[in-house]
Amino acid sequence: MVTGTANGDVFDYIVVGAGTAGCVLTNRLSADGASVCLLEAGPRDSNPLIHIPAGYIKNIYSKTLTWGFEAEPGPGTNGRRFSLPQGRVLGGSSSINGLNYVRGQAVDYDNWAAAGNPGWSFKEVLPYFKRSECLIGGEESPYRGQSGELPITRLDWHHPVSDALVDAAESLGIPRNPDYNSGDQNGVGYFQRTIHKGFRCSSAKAFLRTAEKRSNVSVRTDSQAMNIIFEGKRAVGIRYKCGGPNGQIMEVRARREVILSAGALNTPKLLQISGVGPVAVLNEIGVPVIHALEGVGQNLRDHYAVRMVSRVKGIRTINQMVQGPALLLEIGRWLLRRPSLLAVSPSLVHIFSKSNPSLDRPDLEFACSPASFREGVVGLLDKHPGLTLGVWQERPESLGYVRARSRDAFDKPIIQPNYLTHETDQQSLIGGMKLARQLFRTPALARFVEAETSPAPDVQTDDELLDYARQMGTTVYHMIGTARMGPASDPMNVVDEQLRVHGLQGLRVADASIMPSMPSANTNATTFMIGEKASDMILGRQLPAVELAV
């Protein structure tokens with residue numbers, strides 16, 4: 001690994017952001033023989049809480065591992081301001097996220113292709129999902145990969161309340177689905193996770209560890225990108241600062257391309273402070289216009305969830321199982337590599353279903369766990385046993401924006417997600433909340449439910465449920481779309497189907513910001529796929545599409 005940070009270094013490629021896609025890109029490009037400089041604003045992933053899955057509830061509040069971003073107050077959330085955790089560390093959000101691996105529905109990607117992005121249909125992106133993953137357990141399937149670098153495992157720790165929830169869903173006509181990533185998402189079952197042998201497997205662990213051993217790779221942490229260096233309309237390098245706001249300003253140059261993988265909040269900010277974006281925004285922050293591109297920072301989407309909570313009777317839940325001597329038992333089990341609460345994702349049971357029977361496919365995702373949090377604050381467990389059903393609209397239509405606050409790279413951007421401003425999102429979430437209540441009241445689950453606590457039972461009408469959602473809902477940390485992929489004929493599109501920034505040379509974007517619309521899923525799996533597909537595009541390759549039986 002190249003460790004020097006000499007001013008004026010030249011590499012074939014510069015990758016900005018060592019997150020989910022950035023680590024994949026660095027590995028694939030360097031394996032082909034190209035020299036790669038990977039810049040990461042955060043530290044190395046040496047904090048042990050990153051690697052213990054249960055550390056999630058601490059990491060999302062970490063001041064050193066996250067960016068500390070906040071959503072601006074908005075009408076859809078009763079004027080509240082709340083945290084938007086995004087990873088600022090090797091591995092990015094794959095080092096701090098909830099570990100569940102969800103691809104979405106085939107039609108999500110077919111719709112991307114139909115929107116003017118050839119090469120992005122489901123049968124064409126499926127090979128790139130498969131290339132990354134190593135699904136452990138289960139039969140061979142044309143939909144699944146079993147030889148990739150990223151271990152995907154099935155839940156090995158079960159709780160009677162979780163099992164009762166699966167039965168409850170089946171009693172309402174929601175089918176049991178043993179593999180929601182194998183073509184048909186509809187149904188109930190247990191989440192697959194990026195956990196292996198008791199440890200989190202982030203993008204850094206799966207892909208960057210190998211790349212760092214190569215002499216043609218330089219990984220530079222604590223290196224905040226200040227701006228893209230342009231010569232005319234061509235990106236030729238990155239100016240960055242080492243060691244924080246008072247650190248040394250350095251430059252690194254790219255022979256071939258600069259690739260932005262800084263995420264849906266930082267990528268548009270970096271473009272804007274470099275002079276690429278809406279003219280009004282650039283003028284406001286005092287940055288000379290290099291290239292006017294109105295879509296930069298627009299089209300922000302995020303999942304907005306409501307947690308439906310019940311108090312449980314007759315059995316201990318996670319609330320009690322991680323306190324006092326019980327926690328010591330779980331630690332012991334984890335050390336012995338036995339199923340343990342230290343090695344599970346925060347949500348155990350998934351339900352993909354419809355908010356309205358007339359819909360042609362699921363529009364709701366439930367993430368459920370036999371645990372509950374005081375006042376809805378993740379990490380602050382209730383003292384009594386509880387059950388939480390978190391629910392969100394899978395494909396939100398509410399659109400927000402990201403804007404640089406100033407030309408200073410260390411200033412946090414203005415982030416306005418505009419949650420629940422679209423009627424479709426409102427009606428879907430109301431339907432999901434009603435379905436959660438039906439689940440609580442099924443015979444299979446009611447024997448464990450002592451009382452529904454959030455929202456209170458007297459919250460009944462659609463208006464009351466929506467008001468509760470506005471007061472208590474929060475992000476699911478799935479920001480996308482702010483450098484949207486699509487034809488240049490639409491001024492809101494930022495990159496073409498090859499992820500090249502419209503109107504510029506030597507500059508691509510490869511992260512969640514390029515998604516034209518939200519996949520019906522947690523976004524990490526899709527971002528792995530984007531990194532894989534982008535690396536082949538850059539290298540002039542393409543895996544053959546997978547022809548699937550109709």
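What is the mean pLDDT of the chain, and what percentage of its residues reach 70 or more? The model is predicted; the mean pLDDT of the chain is 95, and 97% of the residues reach 70 or more. Residues 1–5 have a pLDDT below 50, although this stretch makes 16 contacts in the model beyond near neighbours in sequence. Where pLDDT is low, the predicted coordinates should not be read in detail.

**Nonpolar cores**

The largest nonpolar core comprises 84 residues, and those with the most contacts inside it are Trp 120, Ile 228, Ile 238, Leu 260, Leu 499, Leu 507 and Met 529. Helix α15, spanning residues 524–539, supplies the largest share of this core, namely 8 residues. A second, separate core has 61 residues, among them Ala 41, Val 402, Ile 430 and Ala 436. Returning to Ile 238, and not counting residues up to four places away in sequence, one finds that it touches Ile 14, Val 16, Leu 39, Ala 225, Asn 227, Ile 228, Ile 229, Met 250, Glu 251, Val 252 and Val 258.

Is Gln 185 buried or exposed? Gln 185 lies in the loop between α6 (160–171) and β5 (187–190), and it counts as buried because its relative accessible area is 3%, under the 20% cut-off. Leaving aside neighbours within four places in sequence, Gln 185 is in contact with Val 102, Gly 104, Gln 105, Asn 177, Tyr 180, Phe 352, Pro 362, Glu 394 and Ser 520. Asp 9, for its part, is in strand β1, which covers residues 9–16. The C-alpha atoms of Asp 9 and Pro 443 are separated by 66 Å, with the two residues 434 residues apart along the chain.

**Cavities**

Rolling a probe the size of a water molecule over the atoms shows where empty space is left. A search of the whole structure finds 4 cavities of 30 Å³ or more, and the largest cavity has a volume of about 90 Å³. Which residues line the largest cavity? Its lining consists of Arg 301, Asp 302, His 303, Tyr 304, Gln 393, Pro 396, Ser 398, Pro 417, Tyr 419, Leu 420, Asp 425 and Leu 429.

Methods. Residues are numbered from 1 along each chain as its sequence is written. This is a predicted model: local features need pLDDT of at least 70, side-chain atom pairs count only at pLDDT 80 or more; totals for chains, interfaces and linings use all residues. Side-chain values use heavy atoms; hydrogens and water are left out. A nonpolar core is a set of buried Ala, Val, Leu, Ile, Met, Phe, Trp, Tyr and Cys residues joined through side-chain atoms within 4.5 Å. Buried means under 20% relative accessible area, exposed over 50%, partly exposed in between (1.4 Å probe, protein chains only). Helices (H or I, at least four residues) and strands (E, at least two) are DSSP runs, numbered from the N terminus. Contact means heavy atoms within 4.5 Å. pLDDT is the predictor's confidence in each residue, from 0 to 100. On a 1 Å grid over the protein atoms alone, a cavity is a set of points where a 1.4 Å probe fits but cannot get out, and a pocket is an open set with protein on both sides within 12 Å along at least five of seven lines; lining residues have an atom within 4 Å of a point. Grid points are joined across faces, edges and corners, and a volume is the space filled by probe spheres set on the points.
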